[in-house]
Amino acid sequence: MSYLKVKPGKLFEVEIDSIASDKSISHRSAIFSLLSNKPSKVINYLEAEDTLNTLSIVEQLGATITRKGSVIIITPPKKIQEPANVLDCGNSGTAIRLFMGFLSSREGFFVLHGDKYLASRPMRRVADPLRKIGAHIDGRVKGNLAPISVRGAKLEGFDYKSPIASAQVKSAMILAALHADTPSVYSEPHLSRDHSERMLRGMGAEVIDDGKKIKIIPNIAPLEPLEITVPADPSSGFFFAVATAITPGAKIVLKNISLNPTRVEAYEVLKKMGAEIEFIEKESQYEPIGDIIVGHRELKAVSVEKNIAWLIDELPALSIAFACAKGKSTVKNAHELRVKESDRIASVVNNLEKCGIKTTEFEDGYTVDGGELQSAVIDSFGDHRIAMSFAIAGLKCGMHIEDIECIQTSFPNFVTLLEGITEVSYGD
Ligand code: S3P
């Protein structure tokens, strides 16, 4: 399926209990299972391209994987195996960066690669601090681009102040620290998503967070296995939250979503814009989980310049809400958007302009003048979140999105769920 046509939507009132499972937690469940010597049990693992690649890498490193319905049992090997082939991370920055941290202390030689989009994303943000503590990492363009080679080495503990709030960098460094000679300290300019800290602590690791820095004590003994039901992904749910916020009279209940505070900031912004948003916490497993209720209201423009790391994945979808709001919305301090699955500042601005929406672009952000969205032919730039955001914009005016294969990387049932609220057609 390479194109998707979306017809303008009608009023809807639905409950969705099949938003794709959380991508960040799924990657971590697979990788962290290698830190134990007992089988981990993962329920509702995300069956999408990115996370299936990660599971396959875990298998190539020696783990045994058995599946029964929605339950996956990952039995770790006694010792990480040196794989015969290149480890394919597909489109996933999380996979390649976390594996760099994990493998840098394991005996053997490993080559990590990915698709053409991943191969153009910066890896020195992880490779440089890892090299400083003894890792042997190389890659194209002075060790910055995949393919990335890792030869396992003895690592020293570190005191590292990351210049960026990135959960991928943080998680890679924590994984390295758990296998270093001495304790380590990690700090970042703002808190990035904290799934790694929560899950590793749940497995018995000493990852101590005092709110300013994280102290990591190397684990001498293997960690306890994971037993986890992966909640639905708030960033995937957010496409349907925006769909509701821009459709007069619409209402939606998104079930069993991770309500981790570092992941629901975009819903808070949508609430600030005027949408009705209610969080109903129901349980806690490593992190809070519950339902999110969203209702349509007239939207007003907003300025977003704080907590960017907490809404980095949702800014493309939020931009569709900006386009439907009254007034000019502004995004600042979001330079990180330029190094995601596509340059998301350019992809959002370019496609919104095609839809007749006035924008201005600057190095670390953009403005969007709310107006009347018009139907257009959209280029996804191979980026799943751009494809899905503009599919949602189609509810207003109809839309034709090209190159939508990328949706398979994170949300394979997106189109099926979209069909539940509007008419769509697709083909090659
Ligand atoms: C992720 C962290 C974020 C996010 C990505 C998933 C993770 O990247 O954009 O989609 O699972 O750690 P950065 O932390 O590098 O910004």
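Student: What should I know before reading the values?
Tutor: In this predicted model, local features need pLDDT of at least 70, side-chain atom pairs count only at pLDDT 80 or more, and totals for chains, interfaces and linings use all residues. Residues are numbered from 1 along each chain as its sequence is written, and side-chain values use heavy atoms, with hydrogens and water left out.

Student: Which residues surround the ligand?
Tutor: A residue is near a molecule if one of its heavy atoms lies within 4 Å of it. Here the shell is Ser24, Arg28, Thr94, Ser166, Ala167, Gln168, Arg193, Ile312, Asp313 and Lys340. By class, that gives two nonpolar, four polar and four charged residues. Ala, Val, Leu, Ile, Met, Phe, Trp, Tyr, Cys and Pro count as nonpolar; Asp, Glu, Lys and Arg as charged; the others, Gly among them, as polar.

Student: How do I read a pocket?
Tutor: Rolling a probe the size of a water molecule over the atoms shows where empty space is left. On a 1 Å grid over the protein atoms alone, with a 1.4 Å probe, a pocket is an open set with protein on both sides within 12 Å along at least five of seven lines; lining residues have an atom within 4 Å of a point. The largest pocket has a volume of about 650 Å³. Of its 39 lining residues, Ala165, Ser166, Ala309, Ile312 and Lys340 are closest to the centre. The ligand sits in this pocket, a term that needs more than half of its atoms within 2 Å of the grid points.

Student: Which element gives the most to the lining of the largest pocket?
Tutor: α1, with four residues. Helices (H or I, at least four residues) and strands (E, at least two) are DSSP runs, numbered from the N terminus.

Student: Which peptide bond is cis?
Tutor: Ala146 to Pro147, with omega near 5°. Pro147 is in strand β9.

Note on methods: Points joined across faces, edges and corners; volume = space filled by probe spheres on them.
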